[in-house]
Amino acid sequence: MKPRVFVTRQIPEAGMQIIQAAADADVWPDELPPPYDVLADRTAPCDGLLCLLTDRIDAGLLDRAPNLRVVSQLAVGYDNVDVAACTARGIKVGNTPGVLTETTADLAFALLMATARRIVESDRIVRAGKWLTWSPLFMAGADVHHATLGIVGMGRIGYEVARRASGFQMTILYADARPNEAAERDFGAHRVSLDDLLQASDFVTIHTPLLPETTHLIGERELKLMKPSAMLINTARGPIVDQKALYEALVTGAIAAAGLDVFEVEPVPGNEPLLALDNVVVLPHIGSASVATRTRMAVIAAENLVAGLRGEPLPCPVN
Ligand code: GLV
């Protein structure tokens, strides 16, 4: 008999084929995630689980699934998965790093440029018939070229953002617990403290995982350290930034603008005050969302799942 797996959303066909060749797959058919209780019920009889970042995988759910051998997360970040609880139960956890690095760096840079040059606001003005004439300071934003970029977290994605920034002749600062010699050598990046980075940067872009120690890493104190002309870009995880403090910083002019692909609560509620601000560019968590990359992620997630079912080492293990 084939092992049983629950796949919490429809995923690209290339991934599904790998799964279906090796397992009996129960695939959640809806566009919205399964509610927690349904997720737990459907996982309970399974040997494997392929989940997304919208699914909470906690000890309670694992306790109801005595046969579960592998949790394969279709994302690089896995803060929704209680990895320690999986490890304690002998359950392997996998994720999809690497293949999404450049796609996510592209999006971070696109968001940085859109925020700096007021692209979305300009689009809205044209469509609303409010483009009256060419004038010297109409829709004038900030230069990206030759500006100073502060990268918080110089891992794989931070490094690729630095590569893009070096093409714009930016000065690159970074804050990270560990030095990244490749970024220093390849792009002239300088490692500084987070406070120094915040004080010196024209743009601050976040590329750390969400961990207890990075939750609200950027709060009121940190935002006040930034230049009034500076812009904050977050394509990592929403809770790394204190969203209320960010709103205050934007309305009081402590910083100039923000570009956000991620939020403390996702989807961001329609009454979130940040959404009313013209100096905020918002995206629906699409950092890795190119067809090619999402397909590669599905393949890796499927390969992790199947390896876990077979008791083999996962191609991309987390624990
Ligand atoms: C997306 O946010 C991911 O972690 O892959």
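A residue counts as buried when its relative accessible area is under 20%. Ser72 comes in at 0%, so it is buried. Keep in mind that this is a predicted model.

**The cores**
- The largest nonpolar core has 46 residues, and Ile19, Met154 and Phe203 have the most contacts inside it.
- As a rule, nonpolar side chains tend to be buried together in soluble globular proteins.

**Phe203**
- Not counting residues up to four places away in sequence, Phe203 touches Leu112, Ala116, Ala142, Asp143, Val144, Ala147, Thr148, Leu149, Gly150, Met170 and Met231.

**Ser72**
- You'll find Ser72 in strand β4 (residues 70-73).
- A polar atom of the Ser72 side chain lies 2.7 Å from the backbone oxygen of Ala301.
- Beyond its neighbours within four places in sequence, Ser72 contacts Leu49, Leu50, Cys51, Gly94, Ala301, Asn304 and Leu305.

**Val5**
- Val5 belongs to strand β1 (residues 4-7), and with a relative accessible area of 0% it is buried.
- Setting aside neighbours within four places in sequence, its contacts are Ile19, Ala23, Asp24, Ala25, Asp26, Cys46, Gly48, Leu305 and Leu309.
- From Val5 to Arg185 is 180 residues in sequence and 45 Å in space, C-alpha to C-alpha.

Definitions and conventions
Residues numbered from 1 in each chain as written. Predicted model: local features only at pLDDT ≥ 70, side-chain atom pairs only at ≥ 80, totals over all residues. Heavy atoms only, no water. Core = buried A, V, L, I, M, F, W, Y, C linked by side-chain atoms within 4.5 Å. Buried < 20%, exposed > 50% of the residue type's maximum accessible area, 1.4 Å probe, protein only. Contact = heavy atoms within 4.5 Å. Helix = DSSP H or I, 4+ residues; strand = E, 2+ residues; numbered from the N terminus. Polar contact = N/O pair within 3.5 Å; in protein donor to acceptor, adjacent residues only side chain to side chain.
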